[in-house]
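Please keep the sequence and the coordinates at hand.

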Amino acid sequence: MTTTRIYRSTDSSAPVLVGGVSSLINLLDKCLVDGYGAKTAAGWTKPFTGTDKACFRNSVAAGGTGMYLRVVDAAGGTGGAREALCRAYLTMSDVDTGTIETPTAAQVAASIVWRKSNTVDATARPWILVADELTFYLCIDTGTAASEGGTGTYGAGDIASYVPADPYRFFIAGRETQHGAGAQGSAVASLLSHTGTMCATPTSVGFWLARGYAGTGDPIRAGLAKLASGASSAPVGTVLNSLANPNPGTGLVYWLPAIIGLESAIRGVMRGLYVPQNSHRGVAMGTDVVNPPGLTATLTTLRHCSDTTGFNDNSDGHIHVDYTSAWPL
C-alpha cells in the first residue's frame, strides 16, 4: 500500500526553490527523502550524491521498479542555474554511472530539462509536488512573463503498466530544450502533451519510458490520450480541440484517467493523473476540483505553459492529480 502526499511552497518550513545551484535537489531531498516541518517524506531514497548532483530512487519495498532519477543541478547548461538536467537509469553504481539511460544522449542531447526559475537569483518560486513512494509530479511557476508562458510540470517514477511485471515502467518527463531568460521551449515538450489517436509512437513529446513493450532496444517516447483531440502535438487541457467548459447540456466538466499511448497501443495509465476533456484556459496551478463526475477525490491543477514564440491559448496546458487517494499500482 502506498500513501499519496502533497507538498507546497506555502507549507510551513517548505524548501525554497530559486534559480541557484542545487536548489531543486534540496526540494527533492525534503519532499521525497527527508520530510520537512510537519510533512512526512514520500518514501524515496537518495543513494548517490556528488557536487550539485544526486540520484533519487523509488521504493522497491512499496512495489516500485527501483529505477533511478539522476538530477544535475550545477548550472552547467544553456539556462545556467535556471534549469536542472535530468535522466533516468535502470541501475546505477555511482552518481555518474548507470545502465539503460532514459532518454539516451543520442535521443535527447540536452537532457530532460526541469526549469526552476526565469532568473539566476534568490527569488523564491511557487511550486507544488504530489508524490507517493513510487511516483511524483512537480509543478513550478518559474516567474517568466505570462506572454511567454511561465509554469512547467515535470515528473518521474513508475506508471501503472498493463504489461505484467513490467520492469521498464519507469518514466521521466520534462522539456527537451535548454534556454536562458524568456521563452522556454516547445509547447509539446512536457508531461502534458498527448498522442491524439495513439496511431503511432509520438515524435516530439518530452515523456519517456525506459523500454517499449518488448523490453528491448532504446528508451521510447510515450504520450497521453485525449478523446477530444484532433492535433497530436497540442498539450492537454488547452483551448485547441477541447470540449467547451462547461459541457453543453450537462453543464459538467469531464476528466479521464491519463492513458499512456505508444507503439499503436495502450501501455497503461499515469498513476493518480486525470486528463481534462474540457478547456482549462487560464486556470491557475493549485486550483482544486472536489469530486469531479464519477470520482470521489480532490484533484489539484498542474499547469504547463510554454512556447518559443509567445504564450497563447493553444500552449496553456493543464492536467490534474488526485492527492486524496492511493494511486493504482
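Which residue forms a salt bridge with glutamate 176? The partner is arginine 221, and the closest N and O atoms are 2.7 Å apart. Note that this is a predicted model.

**Overall picture**

The protein has 1 helix and 22 strands. Of its 329 residues, 58% are buried. The accessible surface comes to about 11,500 Å², and carbon and sulfur atoms account for 54% of that area. Contacts between residues at least 6 apart in sequence were also examined: 64% of them join residues at least 24 apart. The structure holds 11 salt bridges. Three of these pairs are described here, including the one above.

| Salt bridge | N to O distance |
|---|---|
| Aspartate 96 and lysine 53 | 2.9 Å |
| Aspartate 158 and arginine 169 | 3.8 Å |
| Glutamate 176 and arginine 221 | 2.7 Å |

**Glutamate 176 and arginine 221**

This salt bridge of glutamate 176 and arginine 221 links distant parts of the chain, 45 residues apart. Glutamate 176 lies in the loop between β13 and β14 (194-196). Arginine 221 belongs to strand β16, residues 220-221. Glutamate 176 has a relative accessible area of 17%, so it counts as buried under the 20% cut-off. Arginine 221 is buried too, at 13%.

**Aspartate 158 and arginine 169**

The side chains of aspartate 158 and arginine 169 meet in a salt bridge, with 3.8 Å from N to O. The partners are 11 residues apart. Aspartate 158 sits in strand β11 (residues 151-158). Arginine 169 sits in the loop between β12 (160-161) and β13 (170-173). Are these two side chains' residues, aspartate 158 and arginine 169, buried or exposed? Aspartate 158 is buried, with a relative accessible area of 1%. Arginine 169 is also buried, at 17%.

**Aspartate 96 and lysine 53**

Aspartate 96 pairs with lysine 53, and their closest N and O atoms are 2.9 Å apart.

Notes:
Residues are numbered from 1 along each chain as its sequence is written. This is a predicted model: local features need pLDDT of at least 70, side-chain atom pairs count only at pLDDT 80 or more; totals for chains, interfaces and linings use all residues. Side-chain values use heavy atoms; hydrogens and water are left out. A salt bridge is a side-chain nitrogen of Lys or Arg within 4 Å of a carboxyl oxygen of Asp or Glu. Helices (H or I, at least four residues) and strands (E, at least two) are DSSP runs, numbered from the N terminus. Buried means under 20% relative accessible area, exposed over 50%, partly exposed in between (1.4 Å probe, protein chains only). Contact means heavy atoms within 4.5 Å. Accessible areas come from the Shrake-Rupley method with a 1.4 Å probe; for residues, only the protein chains shown count as cover.
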